[in-house]
Amino acid sequence: MLIGVAAWAGPKTAPTVTFHKDVLPILQKHCQGCHRPGEVTPMPLLTYGEVRPWAKAIRAAVLANKMPPWFADPAYGHFANDRRLSREEIGVLTGWASNGSPEGNRKDAPPALVFPSGWNIQPDVVVEMPKPVPLPASGATNYKFVLVKTNFPADMWVKAAEMRAGNTKVLHHGKVWVRPPGSRWMEKAAAGEAYEEERNREEMGRNQAGEGNEMLGKFNSGLGAQRFDIEGAAKFVPKGSDLVFELHYTPTGRPETDQTKLGLVLERDAPKARYYLSMGPANYDLSIPPNTANAEVVSEATIQADCKLAYVQPHMHLRGKDYELRVVFPSGESKTVFKGRFDFNWQLGYNFAEPIPLPKGTRVVGIAHFDNSRNNPFNPDPNKEVRWGAQNWDEMSNCFIGLIFDVKTPAETVLHLPGPGMFYRWNRFLESLTQASK
Ligand code: HEC
């Protein structure tokens with residue numbers, strides 16, 4: 001029947017590609033998650049009036065694979081949150097921009113997407129920092145840690161989380177940590193105050209954020225909300241826990257404030273599996289020589305209990321270039337599960353379409369490359385030997401990994417970093433904190 005209609009329709013002229021009929025559905029699917037008011041982007045792409053002036057820029061950005069941001073090499077792994085446009089979709093956007101960007105008929109438009117009150121999830125619980133953090137106009141800022149007293153009255157299982165910047169101009173990235181009852185981390189901290197490890201060790205206490213504490217939510221440009229309800233899993237927050245917001249701000253040239261919040265979607269039924277976000281393999285001992293264009297840093301961790309790998313998010317700073325995550329099974333067989341370019345401005349996370357079973361004894365190996373040469377336009381100083389550190393001009397090399405395992409397995413036992421020999425600098429750092437707080 002369709003063939004008959006097409007034949008009857010007469011001469012074969014390509015139908016005009018219009019905004020409402022062809023372009024808007026693509027923008028809704030691939031772009032509006034970020035390009036809408038209140039999100040990380042400067043310009044919304046919701047209406048014809050908003051999109052029309054950007055037509056040429058859109059053509060250039062999609063042809064260069066700059067938009068939507070996505071760095072996974074398609075040769076490795078399939079991802080549930082794959083943002084890439086298909087060849088046909090790129091054809092529609094570029095064709096439209098090249099042919100005068102016609103509006104077409106409003107009646108052809110799909111219904112506008114509805115974004116519930118600015119969130120990308122529908123939160124059951126919202127926890128906001130109790131007061132705004134004042135930020136100076138300029139200068140280097142250390143990471144800030146803000147304790148938020150929640151005292152959750154019962155054990156909670158969390159299906160999804162979204163950390164939303166109070167002020168997207170200043171919050172570069174952030175994390176929200178669970179602080180279980182009795183933790184010594186932030187033990188003397190007053191709720192709502194911003195503390196820095198460099199200045200407030202006394203109040204921040206003897207433990208570290210990463211020591212077995214669960215990370216509930218993360219924020220950085222392009223990351224969006226995070227889902228944990230994969231294969232029936234959820235994140236565990238023990239009764240009586242408080243939250244700690246970890247915040248890295250970049251000054252804007254004028255005094256600012258920020259009051260960031262976290263939304264949580266709860267799982268009411270007892271989940272089958274636990275989802276746990278780990279720092280993953282990390283090389284705290286890294287040393288990148290000056291004036292090198294492709295310095296390699298390898299880090300490794302061993303899986304101690306059967307689990308599945310659901311998520312990867314490589315983390316480096318301004319010299320980060322590319323990252324590969326390889327798993328080496330107990331049989332000796334090895335497999336690259338992720339490989340991709342790295343761009344400091346986009347700390348993207350990748351959800352596997354099918355979580356990868358990692359039996360006990362599997363080694364998880366991260367292979368990172370850094371460009372510490374003059375040709376890296378982001379390089380703050382090519383003449384410096386670079387070590388692990390929190391600031392952007394230092395480096396990091398780790399890969400956050402989302403693991404799913406039996407609810408009865410204690411989370412802190414699942415991943416084992418190599419022995420202290422490789423981590424003498426990190427151990428010294430921990431010792432210095434212990435000394436300082438005695
Ligand atoms: C993950 C969030 C995100 C998604 C998804 C996204 N963008 Fe963007 N886009 C940004 C941000 C942030 C900027 C501004 C910063 C920059 O230029 O890197 C931007 C900038 C742009 C620009 C300006 C580029 C330039 O060279 O100045 C264009 C055009 C654009 N986006 C088009 C699109 C289109 C079309 C899509 C969908 C096909 C899309 N974006 C999807 C976040 C996103």
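Mentor: Let us begin with burial: a residue is buried if 20 or more other C-beta atoms lie within 10 Å of its own, exposed if 12 or fewer, and partly exposed in between, with C-beta atoms placed from the backbone. In this chain of 438 residues, 35% count as buried. This is a predicted model, in which local features need pLDDT of at least 70 and side-chain atom pairs count only at pLDDT 80 or more, while totals for chains, interfaces and linings use all residues. Residues are numbered from 1 along each chain as its sequence is written.

Trainee: How many helices and strands are there in the chain?

Mentor: Helices (H or I, at least four residues) and strands (E, at least two) are DSSP runs, numbered from the N terminus. The chain holds 7 helices and 23 strands.

Trainee: Which strands pair with strand 22?

Mentor: Strands of a sheet pair through backbone hydrogen bonds, either parallel or antiparallel. Two strands pair if DSSP finds at least two bridges between them. Strand 13 (residues 273-278) runs antiparallel to strand 22 and is joined to it by 6 bridges, and strand 16 (residues 307-315) pairs with strand 22 in the antiparallel sense over 7 bridges. Ile401 of strand 22 is the bridge partner of Ser278 and also stands opposite Val312.

Trainee: Why is strand 22 largely enclosed by the rest of the structure?

Mentor: Strand 22 (residues 398-406) has 7 of its 9 residues buried, so the rest of the structure largely encloses it.

Trainee: In what order do the strands of the open sheet lie?

Mentor: The order is 18-17-20-15-23, an open sheet of 5 strands with antiparallel pairing. Its edge strands, strand 18 (334-341) and strand 23 (415-416), each pair on one side only.

Trainee: Is Asn345 buried or exposed?

Mentor: Asn345 counts as exposed, because it has 11 C-beta neighbours inside 10 Å. Asn345 sits in the loop between strand 18 and strand 19 (350-358). Its C-alpha atom is separated by 8.6 Å from that of Asn220, 125 residues apart along the chain.

Trainee: Which residues surrounding the ligand are the closest?

Mentor: A residue is near a molecule if its C-beta atom, placed from the backbone, lies within 6 Å of it. Here 20 residues surround the ligand, the closest being Cys31, Cys34, Met67, Pro68 and Gly222. Helix 4 (residues 55-63) gives the largest share of this shell, 4 residues.
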